[in-house]
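Let's take a quick tour of this protein. Have the sequence and the 3D view open as you read.

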Amino acid sequence: MKGSSEDGATAVEEVVALPKRKTSQRHSRRKKTTLDDLRREMRMDEHLIPLQDLMARFGTSQEHGLTEQQVLELRRRDGPNAITPPKQLPEFLKFLKNMVGGFALLLWAAAIMSVVAYGIQQATSDNGDVSNLFLGIVLIAVVLVTGAFTYYQEAKSERIMKSFLKLTPECTMVLRDGRRSQVEVDRLVVGDIVDVTFGDRLPADIRVIKCSGFKVDNSSLTGESEPQSRSANGHHENPLESRNMAFYSTSAVEGTCTGIVVKTGDNTAMGRIARLTGSIPAEKTTLQLEIEHFINLISIFAVAVGVIFFAIAISLGYHWLEAIVFLIGIITANVPEGLLPTLTVCLTLTAQRMKAKNCLVRKLEAVETLGSTSVICSDKTGTLTENRMTVAHLWYE
């Protein structure tokens, strides 16, 4: 233990004497981890070694905790105690994706061909038909309005989700320099001595030093619906099964506990799960696949019919420019211009109805996916349910 002021200074020197890193190297602990590394079981010994050795490793003590200088150095080295959010597309790319993605791309092609047809007519005839120009303008307006509306709906849902993260920052009781004080959770570092009481959310992965009737709810981490007892003496080779470990983001449901922080941020068990989840590529929804299939079919059909009638027009003696206008007109006529706004309005109305039922839809395409779901299989009792088992339906013969 480093309880005396002299030993405390030694602990400071130990932290300061860590190998100096350049600014670019300070985030080496946050370097990209392969999927195989994340899938392996957690490898750590902080829950197995004697408590005195653990205190010495982190340069802390149960009576005095870390010093402010140690905290500053560790925070500079490890960063904030927060899970790194997944990379997000810039807002302008999200906007452009709604403008040119999926069915909107087909409408853009139809609009451009309509304008081109009008240009050809104006160049070859004194009295050109303006209907193609009007059609092109209408198609462009439809794409812009529906794309902007879809972006607005999704951006509003994103803002609501982000607002949940901007609530009053959680604080926890921490022992530093021999004094206990409230500290924001994201400012914790490894080696901090923290106090947790029932009703609190665990601020980091901690090893229990002492506790009284302490139980945690691990349903968000392991799926166990029953509160799990924690103690200072329970050791297990697997840290997730060790009774002397409590993990970040789980909840304390009973008792009190004093523990030492052993993992923070992305290095916590929940951080590993978050990185593993974030590394899975997003799959296209059923609605997106159906729209792509429909676009392919309608494009092939429209082009095939247009080419056939183009050949017929040439064989009948029409000028080739007139035949091209005819070709563009047929292709444009086969595009269902009203499908995109109709689809957007239907999905938006359904999302609004779901919002009234306290279900927030982040992406409009997810509405159709949820509607086509017939069975939901889950092994996490208490995560999707209310943690209560009741009989809803009964069949008998």
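## Around R176

Which residues does R176 touch, not counting residues up to four places away in sequence? The list is H64, L66, E68, V71, R75, V183, R187, L188, V189 and D192, where contact means heavy atoms within 4.5 Å. This is a predicted model, so local features need pLDDT of at least 70 and side-chain atom pairs count only at pLDDT 80 or more, while totals for chains, interfaces and linings use all residues. Residues are numbered from 1 along each chain as its sequence is written, and side-chain values use heavy atoms, with hydrogens and water left out.

R176 sits in strand 1 (residues 171-176); helices (H or I, at least four residues) and strands (E, at least two) are DSSP runs, numbered from the N terminus. Is R176 buried or exposed? R176 counts as buried because its relative accessible area is 8%. The cut-offs are under 20% for buried, over 50% for exposed and in between for partly exposed (1.4 Å probe, protein chains only).

R187 itself lies in the loop between strand 2 (179-184) and strand 3 (193-197). With 40% relative accessibility, R187 is partly exposed. Leaving aside neighbours within four places in sequence, R187 is in contact with R75 and R176. The C-alpha atoms of R187 and P80 are separated by 5.8 Å, though the two residues are 107 apart along the chain.

## Helix 6

Now for helix 6 (residues 103-124): its 22 residues reach 32 Å from first C-alpha to last. That is close to the 32 Å expected at 1.5 Å a residue, a span worked out as 1.5 Å times one less than the number of residues. Among the buried residues of helix 6 are F103, L107, A111, S114 and Y118.

## The whole protein

Stepping back, the protein has 12 helices and seven strands. Buried residues make up 35% of its 397 residues. Of the contacts between residues at least 6 apart in sequence, 71% join residues at least 24 apart.
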